Amino acid sequence: MSELSVHKSSGKSKGFIKWLKSSKGQRATVVVTFMFIPLVLLFVFTYLPFGKMVEFSFFNMKYIGKREFVGLRNYIDVFQRDDCFKALKLSFYYMGASFVQLALALYFATLLSFKVKGGGLFKGMLFFPYLICGIAVGFIFKFFYTRGFVLDSLLGFLGFDLEKLPYWLKDMRINNISLAAASVWRYMGQNMVLFIGAIMSVDSEMYEAAALDGANYWQKFRYIILPSIKTIVVLNLILSITGSLSAFEPPYVITGGNFGTGTYFVIMDRIAHQNMKVGLASAMAVILLIIILFATLLQKMFFRYVFNDGNEDSSKKIAKKMAKEAK
Amino acid sequence: MKLVKKVLSLGLLCILAVSLVGCGDKKKTVDTEKEQVSEKGDGADSNSSTLKTIDQIKLGEDYKDIKATIKFLTNRTDLVDTIFADYIKKFQKIYPGINIEYEAATDYFEDITIRLTTDNWGDICMIPTTIDKNELPNLFVSFGDKPSLDKEYIMLNNFSYQDKVYGIPSTGTAQGIVYNKKVFEKAGITEMPRTPDDFLAVLQKIKDNTDAIPMYSNFAANWTMTAWDAYIGGSATGDPDFMNNGLVHGKNPFSKRDDMTGPYAVYYVLYEATARGLIEDDPTTTDWEGCKGMINNGEIGTMVLGSWAVTQMQEAGENGDDIGYMPFPITINGKQYATAGPDYNYGININSSEENKIASMLYIKWLTEESNFAYDQGGIPIKVGAEYPDVLSAFDGVDLVIDNPAAPGEETFFNDINNESEIGLNVDNYHVSQVLEHALTGDMTLDEIVADWNAKWSKAQEKFGIKVR
């Protein structure tokens, strides 16, 4: 009996080696070996820490020292604190900014995808801020907004009275707008490049046809470009809005969360690293994740019902319409 | 396009290769470390009990042929390439076999807390204040018994637990106020202020009579706001038991006292100075590196910082002699006091190999006794009987108050309450920054702010069942 099973297994392994040598097997080996490293990295640096964080959120713990299991206590605490959800209100500033950002990106992308003198240079210059690290951007804007520095003297040249200018970071009516503007400056270029990529895939014959029909630039944009890149616009919109829920770098570096600029993330950071309530901060992170998932879902549904989903090709839609009319 | 692709793939290849090489290297060092440990393990116990305590070691006589490479984590990014490099050279004249690698971090405080959760963060670090006392034996090597070390060094209270010392201070600081003598002269100030209201009057005079900023808050740097907490103990009460016992067991410890002492008086200075417009125009855009030159040139009147700051301000320009130091303006029964305490403490990794532990101990002893580090930095030397730097001459007649340790069994109480209440004395700038913010916007009085703190503090005391006296 045992002999038989040994025989069988060796037969199996032989079969396996044979399979490995076949083209199908080789393809599989290549796929597995190429996937292995990125998957390991993804697991080690994303899913493992995430799992740990979810675990932490059920404990009353510091980084060093004993841990005590407290069940859902941390989650209840998050909802009972008044500072956490108040901080989420600041996200509206960043959401508003993300609309401005997308509009600007779309504008520049459309301009630059036609023939423009020095187009490459402009593309590079607009994309450049995205390449600077967030901390450096923070420091740039700290000096930019300092009283009597860059922005003030710039406005001074334009004839503004320095005395009447507000304190960009101190005045609590506008300091969140100042910070959101910094984030627009940084991410606009990235959106623009994505849009340019999408616009490039539009068949140029369509422009020619439109030109023959006497369409102007606005009409070309409205009826050719926008419908064909709807998918990418919707994607960018979703990314920007969910991103604005987790705004962190500008307030953390520029104002340190002072003067009413502490976003949800800044408060989370303080609770975890200064007050050593790691469990509570983890619970906050999990709750934010759920909020973001929920927001994404809502947006998806919204776009599906209002715009009949960004995923659908405009040509398909027209074809459908025509088919209907033909009936 | 093809060229770009080629270049890209070449770049990727390089990155991969480098990261692979990096991995290999790390493994190697780990292996050698393990070997060392196992070699040692054959002979005597590799337990820390065989280690000589720091007071028994004789520099230049013991362990002359020891060979080790130790890693030193530090917060002083500004000194690594200059002063510390020089120290290594000097130290290696006595111990040529010991190699020291410094690693400095700008965001040291947050970094180190997380890194300490692993075993192999290095050999020596500056112990952060976030560590609870009962965790010290699990993380750091003991330098010796407290009673015997007390004869050699001062300020050992902060990182001692159950009569063992786990941290040796790098330098001590006295808490006072940095000021510019010329600005004071120009403003017509002849007498040093001794009470909060005197001090505010002085600031007002500076504002009226000179162009200087009376008090520079350094608000934007955040940690400079945390520095205000250093004054609420010794400087504000004259009581060495206040921080670890008075605050822990105190009923509403932040409330106003009739004689204008205690924590309230300290924050009162900040609140009133801000409300009366005696600080800089826009606190959100202050510049820490820039302020050093400004006070040196007489553009700033005063700054509330520990004595460690004085040397830096003096060296920031040509008018070093103009920089003076004075005690915090609070008078208790006719006498002035100043909080004195250790700066960061050195700690040695309990998981390091035996050689590295010994080498670390030797280097720390050398730093404390031979390097003159504390004196050169304008701090209080830790070695008993060492000479005090000139900066502190302004403190003649002022009693230096060093905090007493907490009562036995209550070592963790202060951290417990401090974290639970989320006030974060000496840890977090948030509560101090709030004082300035509310003073500026005028939406909360100082009494309302401290009432809020008292409520949080009391709630935390109650949670841990701490007796309130």
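How many residues of chain A are in contact with chain B, and how many of chain B with chain A? I opened the notebook with this one. The model is predicted.

**Entry: the A–B contact**

I counted 21 residues of chain A in contact with 25 residues of chain B. I then looked up which elements supply the chain A side. Helix H7 (134-145) and H14 of chain A each give two or more residues to it.

**Entry: helix H17 of chain B**

I turned to helix H17 (residues 430-441) of chain B and checked its length. Its 12 residues should span 16 Å at 1.5 Å a residue, and its end C-alpha atoms are 16 Å apart, so the two agree.

Next I asked which residues of H17(B) are buried. I noted Tyr430(B), His431(B), Val432(B), Ser433(B), Val435(B), Leu436(B), Glu437(B) and Ala439(B).

What covers these buried residues? From chain A, the cover includes helix H14 (264-273). From chain B, it includes helix H8 (223-226), helix H11 (262-275) and helix H18 (446-463).

**Entry: domains of chain A**

I looked up the domain assignment for chain A. It gives domain 1 as 15-77 and domain 2 as 82-326. Their C-alpha centres lie 31 Å apart. I found 12 residues of domain 1 of chain A in contact with nine residues of domain 2 of chain A. On the domain 1 side, helix H2 (23-56), strand S1 (59-60) and helix H3 (73-80) of chain A each give two or more residues. By class, that side has seven nonpolar, three polar and two charged residues.

**Entry: domains of chain B**

How is chain B divided? Domain 1 takes 49-169 + 344-378, and domain 2 takes 174-342 + 404-463. I put their C-alpha centres 30 Å apart. Here 14 residues of domain 1 of chain B are in contact with 13 residues of domain 2 of chain B. I classed the domain 1 side as three nonpolar, nine polar and two charged residues.

Note on methods
Residues are numbered from 1 along each chain as its sequence is written. Chains are lettered from A and ligands numbered from 1 in the order in which they are written. This is a predicted model: local features need pLDDT of at least 70, side-chain atom pairs count only at pLDDT 80 or more; totals for chains, interfaces and linings use all residues. Domain bounds come from an automatic or database domain assignment. Two residues are in contact if their C-beta atoms, placed from the backbone, lie within 7 Å. Helices (H or I, at least four residues) and strands (E, at least two) are DSSP runs, numbered from the N terminus. Ala, Val, Leu, Ile, Met, Phe, Trp, Tyr, Cys and Pro count as nonpolar, Asp, Glu, Lys and Arg as charged, and the others, Gly among them, as polar. The expected span of a helix is 1.5 Å times one less than its number of residues. A residue is buried if 20 or more other C-beta atoms lie within 10 Å of its own, exposed if 12 or fewer, and partly exposed in between; C-beta atoms are placed from the backbone.
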